[in-house]
Amino acid sequence: MHPVTPLRRAWAPVAVLVGWAVHDPDQAQRQLTRLTTTHLLIGLAVLIPAAALYGFLTWWFTHYAVTDTELRIRTGLLFRRTAHIRLERIQAIDVTQPLLARVAGVAKLKLDVIGTGKKDELAFLGADEARALRAELLARAAGFAPETAHEVGEAPARQLLRVPPGVLAVSLLLTGATWGTLLAAAVVPTLLWLATHNLWTVLATALPLVGAAGASSAGRFVGEYDWTVAESPDGLRIDHGLLDRAHETVPPGRVQTVRLVEPLLWRRRRWVRVELDVAGSSNSVLLPVAPREIAESVVARVLPGVSVPTAPELSRPPHRAARCRPLWWRGHGLAVTGAVFAARYGLLRRSLALVPHAKVQSVRLAQGPWRRALRLADVHVDTGANKTVTARLRDADEAAELLRAQAERSRTGRRDAPPDRWMA
């Protein structure tokens, strides 16, 4: 790893002391009042070298190697761990640079591997070395020979879309969650103060609410700043971040579900947010905000041959569904095309989920007692990303036919689907 890597782990002994202080604040306060200047200097003289030694040893005992068939990562000071990652199982490799890493000129590689819920990572490498290693691993995953993979380099990319910062800021201001958390942060502490006149109770409630409000607005703006989508042979590349830069890849053939989300205040501007469910990957956002026409063109890149159903093409549940969900039943809709199973839900915040037939793992029909009496049913479609898309409040006969037909469409879709290979 890069020589600055020890700093990544050097804070661990300090974190242990902070955790002890939080766990037993009374005892920590009593110990702090007994400290003299001499004791404090002795403590720092012990703590700083201990933190430096811990960081150095964790760096010294961390190694990686690329063989003909796998990437090996060995870590551990007392308990050794060796990860053997087969190259053909790699689905995506993201390059991330936290703010301090950008200053130091280093980067972190995060690997999405089939069958693992947690990403393995290499932190930190020199920025140029990280990009070169990423390109080599992707070339090896695509089937290039080991002796030529390092010469392939990073695949060329063509920019499709860049989200202007002004559009991103306006979209966050027009999101109901932002104003909801700000209103809660203003109202709830005020009511608690009027009821209790206890400053600590107010602070304990206000700080998490203010943090949530900041995360839903300023935090998202910082994280999604300068969002750029580009197309390359190894998938769609996403770059974003104001302070921490991330370079992610949406691997071809691994997208299980695409969602087009329309908050109420966005509809007049015809803006949508595009979210993804990707098997073996934590990448979940394709576009934070974009005009609907542009978003649909990008979706066509992710799901070739798929067109997004329009509102008239979505059939609503029967009118008797209003007895189950008054008013809100109008937000549900369903369309089944030759390529996708499309289900819409939500009245104020609409969400249209598209599942390619080839990605459906199972289909289920569910009826509670009240829905059986009304002859209504829900049809659940399960995908390879352990997620479910549901067509709600359908007529029972329609749902039974949909269950049978969707199972057949999924079988034929998997048979005719292209291979899930890099650069295939």
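## Working through a predicted model

Leaving out residues up to four places away in sequence, Ala-101 touches Val-106 and Phe-124. Keep in mind that this is a predicted model.

### Exercise 1: Ala-101

**Task.** Work out which element holds Ala-101, and decide whether Ala-101 is buried or exposed.

**Solution.** 
- Step 1: Find the element. Ala-101 sits in helix α5, which covers residues 99-104.
- Step 2: Check the cover. The cut-off for buried is under 20% relative accessible area. Ala-101 comes in at 5%, so Ala-101 counts as buried.
- Step 3: From the C-alpha of Ala-101 to that of Val-163 is 25 Å, and the two residues are 62 apart along the chain.

### Exercise 2: Thr-249

**Task.** Find the strand that contains Thr-249, then say which side chain makes a polar contact with the side chain of Thr-249.

**Solution.** 
- Step 1: Look along strand β10, residues 245-250; Thr-249 is in there.
- Step 2: Look at the surroundings. Thr-249 has a relative accessible area of 0%, so this residue is buried.
- Step 3: Pick out the partner. The side chain of Arg-134 makes a polar contact of 2.5 Å with that of Thr-249.

### Exercise 3: the buried side of α11

**Task.** List the buried residues of helix α11 and explain why they are on the same side of α11.

**Solution.** 
- Step 1: Go through residues 292-302. The buried ones in α11 are Arg-292, Ala-295, Val-298, Val-299 and Val-302.
- Step 2: Look down the axis. These residues cover an arc of only 120 degrees around it, and therefore lie on the same side of α11.
- Step 3: Recall the helix rule. An α-helix has 3.6 residues a turn, so residues three or four places apart point the same way.
- Step 4: See what does the covering. Over the buried residues of α11 you'll find, among others, β9 (235-240), β11 (255-262), β12 (271-278), β13 (285-291) and β16 (350-356).

### Exercise 4: a sheet with a helix across it

**Task.** Give the strand order of the open sheet that contains β17, β18 and β19, and name the helix that lies across these strands.

**Solution.** 
- Step 1: Trace the order. The three strands run β17-β18-β19, with antiparallel pairing.
- Step 2: Find the edges. β17 (360-366) and β19 (388-395) each pair on one side only, which makes them the edge strands.
- Step 3: Zoom in on a pair. β17 and β18 (residues 376-383) share six bridges; one example to look up is Ala-366 with Asp-378 in β18.
- Step 4: Place the helix. α13, residues 396-416, lies across β17, β18 and β19, at about 170 degrees to β17.

### Exercise 5: the whole chain

**Task.** What percentage of the 424 residues in the chain is buried?

**Solution.** 
- Step 1: Start with the elements: the chain has 13 helices and 19 strands.
- Step 2: Apply the burial cut-off, under 20% relative accessible area, and you get 41% of the 424 residues.

Technical notes. Residues are numbered from 1 along each chain as its sequence is written. This is a predicted model: local features need pLDDT of at least 70, side-chain atom pairs count only at pLDDT 80 or more; totals for chains, interfaces and linings use all residues. Side-chain values use heavy atoms; hydrogens and water are left out. Two strands pair if DSSP finds at least two bridges between them. Helices (H or I, at least four residues) and strands (E, at least two) are DSSP runs, numbered from the N terminus. Contact means heavy atoms within 4.5 Å. Axes are lines fitted to C-alpha atoms, for helices over the stretch in contact, and angles run from 0 to 180 degrees between N-to-C directions. Buried means under 20% relative accessible area, exposed over 50%, partly exposed in between (1.4 Å probe, protein chains only). A polar contact is a pair of N or O atoms within 3.5 Å; within protein, one must be able to donate a hydrogen and the other to accept it, and residues adjacent in sequence count only if both atoms are side-chain atoms. The arc is that of the directions from the helix axis to the C-beta atoms.
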